[in-house]
Amino acid sequence: MSDSSNGAPTPDAAEHFAIGISFGNSNSSIARTSVEGKAEVIANEEGDRQIPSVLSYIDGEEFHGTQAKTQLVRNHQNTVQNFRDYLGKDFKSIDPTPSHNSAHPQEHEAGVAFSIRDAEAEEPNTRSVSEIVTRHLRRLASSASDYLGKTVNSAVISIPTDFTDVQKDELTKAAKAAGIEVLQFIPEPIAAVLAYDAKSDMQVKDKLIVVADLGGNRSDVAVVASRGGMYTILATHHDPELGGVQLDQVLVDHFAKEFIKKNKTDPRSNQKSLAKLKLESEAVKKSLSQSASATASIESLADGVDFNSTINRTRYELLASKVFGKFAELIQESVKKAELDVLDIDEIILSGGTSHTPKIASNLKYIFPSSDIQAPSASTTAINPSELAARGAAIQASLIEEFEKDDIDQSTHAALTVTPHLSKAIGVELTRSTEGSVFEPLIYADTAAPARRTVQLKAPGEGSVLVKVCEGESEIKVTKPEPKEKPEANGDKGSDDEDDSDFDDEEEEEDDIRERIWKVGKSLAEISIEGIKKNDKVEVTVNVNPDLSVQVTARVVGSKGGTQDMNIKGSAIPDFNGPHPLDPLSPQEISSVAQSIRDSHRGSRIVFRVITLLEPPKAQLLPFLEAEHGGRFIAPPTRTAQVQYYLEGPDKFREVNVEVDTGKIFNHKDLTGRQSYTDAVEMQESEVACLADERVQKELQSLDLPEDAVVCIEPWTYGTDGMNDMGRRIIMCYFYMRIGSHGDANHFAYPLDICAEMSSDRRVIGVYKLPSGMDEKMEEAGAGNKKFDRRKIHGTSEYHPDLQQERRTTTKPLQVVQPEGPSFKITGNLIEWEKYRFRVGFNYREGLTIHDVTYDERSLFYRLSLSEMFVPYGDSRAPYPRKAAFDLGNNGAGVNANNLQLGCDCLGTIKYFDGWHHTIAGDPVKFPNAVCCHEIDDGILWKHTNYRTNNAVVTRSRVLVLQTIITVGNYEYIFAFLFGQDATVSYEVRATGILSTAPIDIGDKVDYGTIVAPGVLAPYHQHLFSLRIDPAIDGQKNTLVVEESHAMPTDDPLNPFGIGYITTSKPVLLETALDLDVSTNRTFKITNESRLNPHSGTPISYKLVPHYSQMLLASPSSFHARRSEFTTHAVWVTKYHDHELYSSGDHTMQSLGGEGIESWIKNRADGKPQNVRNEDIVVWHTFGTTHNPRVEDWPVMPCERMTVMLKPVNFFDRNPAIDVGVSEQSINRSVLVDDREGKGLVVGINGKTVAGEKAGNGSVCCANGSTS
């Protein structure tokens, strides 16, 4: 038993008396299996089977459940609800919205707590969320103990699928404090399925199930494959803002409007009235689930006025139609996420209290016509949706209750494991007289290994039979319904008056008939059986072993029969159904790795900076990739994470590697003296702290800014300039202001005359006055500061549509449509398109990366990535040399990736890839839509017109684009890999955004920049990028060859006309840097000297087509040059080393130099550059732009484009794009403009038009080799 103290029930150490607990954010349930093995939900002392997850406190007394929930009306500030999802989370990461009508969460020791005020106490009592959870669980356990007459001391607890390892750990601790040992956590959807499968009157069979948990504050959907008693979650989808409260709100608003209409008072404006209205609306909602109408009756709702109103179910469903629609959309999206069709779903289980609503089930029955809907309104055998999770947890508790303690511990704290699953069904091919060859599935897709299935089939005849085992491929067959025929007129005079509206011209067409059909796929095994007699049955058994080998046995029932072993890797069993070795870390893996670090430093404060995939060493990964390409399977390399973190503060900076599956920590590095990258949190905290500083406030006051001015700060990482100790972290703060309250007003239009230095602990360590003229210097701020010159105020620097409303209306819509869908195929992070096959990667630093690129099954590149970028500013007056940003090493391309938007950032038919990072607490953070994949038309790919026949053949170019966009302070960078059908791979950078500006007095001029607006200086600067190319041109042994074109001497007897020129080729033997030379058309070819082109007789190659750029302008002795070694030459070639990824070194923040690509070459083990001929090499290309701003770059700069290409040279035996389909107007459907009316005409074949007049002579680009 429990009371209001912190004492816990004393468990009986001799036994585990276990229950199942469904711990919901809104309501909780407890259950126990009976002697007969059936799960029973236990009511608490008040008779509630669904116990509100609410605690309330009055004068030191604690109320729980329904008693506590009623206190929301008069004691909401001391009533705690919706606390489950706060458990184990950093305060900064939570959304406090669900608790806005109750005790408000607040920060406590970086976590979440609630402030409870006792009327008799002077100070409020702060209770952490862990303590609240403990008290809640203790009350649940006490209710179960009272009911059962035994002390409950252990439980299986159901949790959402997105519960992190940190949350599980915190819940385990809270349960332990409540006297409950957690035997196991069970995912809520699995608990729901288990509750149904445990029913004695239901036969467990293989099926695909959607579990839709529609709770009070959130909705969770999971697609579950039930295969042979094993459950696999194929996909999950969550909406934290969609639940029963949204339905309650519909009724709240409805009743409020009715009350306003009668009484001219809005009851929602008063906290107590709103609480009353919410409680009553919830009660009405529940009544409408059972009855056709319900009445709301509230005594003294507002201003002493009573309220009574009746609403029927039809009206309610109409009001809530949008919410119901969102429920259905969430479920449909989950099915799509699992790459399934609605016809694949065998069963839908509705779970959670909101699932009682009949409209939800009826909507789903329409969308999923062939699925069984398990809900009270749809099935008489349905289990109460509110009790499913508790029942399933209780069943699981009874199953594991007798386990040994070690087994229980292992089940609670199991390491992350991956079980291979079948990607296609396996079955037998049957021949039927009416249907021909048909597929009979034995083992369905998504079945986990090991698996075994047996089927008995009647032999088709006597003698011998050939048993064919194969894969099954399924598709959706769409059949148009037979049109209804109009009844013929019977000739009666009155027939014209008869109602024939059922057959009028505007009758709605019937829906297409859709069905899932199976087709015979790839053959896997054939076994011949002799001596078949009449009426014999053939038994076929398919066994998938844990080691992924497959065994097929076929025999006549009662005989021994034949057996065939095989390994079908690469077909029905994928190469590896877990994460691919190159896949970025999943959110679950991030959580697991973070927990491993916490466990190794228990009691210490940890700030996570980097949790990212450590790509396997190439020597380990290559055999796996080669096997994968060959359709074979070998064990993948150990999946490893690289972790960087502060231990008890930034003075202890550490790096380790962690085995993801086991949590093993190794390769410890002390990074003391290094600086981690900056992030948005640091920037925002710096701005707030800087503006709060007294000296800063004093200086701002002295500027006498306009009354409507809002001061903003642009924090910058400190670019080393020799003026400060780089052993301590410093942030530069540059001051700006915007005019007015609009948050998107352009503050870069008003740079202010001061800046500040800040330390890592957010203290201002210096405030300075910025220079204006050429001969001025940075000075400490103080007396004599100039007031802001109001002549600088202008109205031409805004860009946001709210503030710059002059917009062209002449641009007509341009839409990109692919009526048959995209040409690419995506499986996880694997992309297949137009003979290409490659993988997409994404990490916090480089952002988008490309791996394992092949074309027509020939290897091209092992890895492509942007290694680094350096943006040095050319204003030599202090403090501007500190503006020298490594936007990848200092800021991170991944952590600054934009959430790309349809129709804006990406046009056409788009596939998005999400990125994952983490908070400083180690919790996963999703970067949605970080990378987009789509196709574009790129003009003509190739064309020729035979002038003799006037026949033209033209093929348009299609390009696959992989794009990401990052925002680093003022600038946006658009990075894209472009894949052409002719096997050309390009890398494109576009720079846009707003110029980083500096103040200048009106009338002053300087040589370092361009004045773009009154008092606004845009300094000169460079953008220099380092593209890392890890080639694999038909293999890993490659050579960089420098080819030049030279005119033949005029006195050469072989050049009598003086027009000849030849090429010279020279292989690069040792690691070195190289420069471009336009005068010789210097070309860099990456060749495989062991492979010769059959026609040219020369080595196959890919050439680098560089983006010609000016290299770094800063002096070689400057910190700029010393820190950015790659910027001094256009091309570098090095021998491959696993750890050499970043051309300016691993740690660029406040670096001193001597760590980049040039230093690697200088510091090789033997003191000499390494051999790079016929070796595994890496080619690095430096390119960019020297940006001397134009006025036309203001206020937002039009994109500046830079492109690098990698083109095949004598790699193929002909144009690799010669087989691309010829362009045809019948497919492309371009439109002519009618000059007379300005209307477009869609042109058809042979000069005919779809609408309007005939449009021209030639309507087809190419048809059968001739024009029309």
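This is a predicted model: local features need pLDDT of at least 70, side-chain atom pairs count only at pLDDT 80 or more; totals for chains, interfaces and linings use all residues.

Q: How many helices and strands does the chain come to?
A: The count is 19 helices and 61 strands.

Q: Switching topic: where does UniProt place the "active site" feature?
A: The UniProt record, an unreviewed entry, puts it at D887 and Y971.

Q: Start with D887, then. Buried or exposed?
A: D887 is buried, at a relative accessible area of 4%. It sits in helix α16, which covers residues 887-891.

Q: Which residues does D887 touch, leaving out those up to four places away in sequence?
A: D887 touches E868, M869, V871, G892, A893, V968 and Y973.

Q: Now Y971, what element is it in?
A: Strand β46, residues 971-980. Y971 is buried too, with a relative accessible area of 2%.

Q: What does the Y971 side chain make a polar contact with?
A: The partner is the side chain of H1021, at 2.9 Å. Beyond four places in sequence, Y971 touches several other residues, including the histidines H1023 and H1187, plus Y873 and M1197.

Q: H1187 makes me curious about strand β58. Is that strand mostly covered or mostly open?
A: Mostly covered: β58 runs over residues 1177-1187, and ten of its eleven residues are buried.

Q: Which strands does β58 pair with?
A: One of them is β51 (residues 1021-1031), antiparallel over nine bridges. Another is β57 (residues 1131-1135), also antiparallel, over five bridges.

Q: Can you give me a specific pair from each, say for L1024 and K1135?
A: L1024 has G1184 as its bridge partner in β58. K1135 stands opposite I1177 of β58.

Q: And which way do side chains point in a strand, in general?
A: In a regular strand they alternate between the two faces of the sheet.

Q: OK, charges next. How many salt bridges are there in the whole structure?
A: A search of the whole structure turns up 64. As background, side chains of opposite charge can pair when their charged atoms come close.

Q: What does R84 pair with?
A: R84 forms a salt bridge with D85, and their closest N and O atoms are 2.9 Å apart. R84 is buried at 4% relative accessibility, and D85 is buried at 14%.

Q: Which residues are in the network with R84 and D85?
A: D162, E188, R218 and D220 are linked with R84 and D85 in a network of salt bridges.

Q: How about R763, what's its partner?
A: That's D761, with the closest N and O atoms 2.9 Å apart. Here R763 is partly exposed, with a relative accessible area of 46%, and D761 is partly exposed as well, at 44%.

Q: And E1158 with K1162, what's the closest N to O distance?
A: The closest N and O atoms of that salt bridge are 3.6 Å apart. E1158 and K1162 are four residues apart in helix α18 (residues 1157-1162), so about one helical turn separates them.

Q: How exposed are E1158 and K1162?
A: E1158 is partly exposed at 30% relative accessible area, whereas K1162 counts as exposed at 55%.

Q: What's in contact with G915, apart from neighbours within four places in sequence?
A: F842, V925, K926, F927 and A930 are in contact with G915.

Q: And how far is the G915 C-alpha atom from that of G847?
A: The two C-alpha atoms are separated by 8.6 Å, while the residues are 68 apart along the chain.

Notes
Residues are numbered from 1 along each chain as its sequence is written. Side-chain values use heavy atoms; hydrogens and water are left out. Helices (H or I, at least four residues) and strands (E, at least two) are DSSP runs, numbered from the N terminus. UniProt positions are given in the numbering used here, feature names are shortened, and annotations may be inferred rather than shown by experiment. Buried means under 20% relative accessible area, exposed over 50%, partly exposed in between (1.4 Å probe, protein chains only). Contact means heavy atoms within 4.5 Å. A polar contact is a pair of N or O atoms within 3.5 Å; within protein, one must be able to donate a hydrogen and the other to accept it, and residues adjacent in sequence count only if both atoms are side-chain atoms. A salt bridge is a side-chain nitrogen of Lys or Arg within 4 Å of a carboxyl oxygen of Asp or Glu. Two strands pair if DSSP finds at least two bridges between them.
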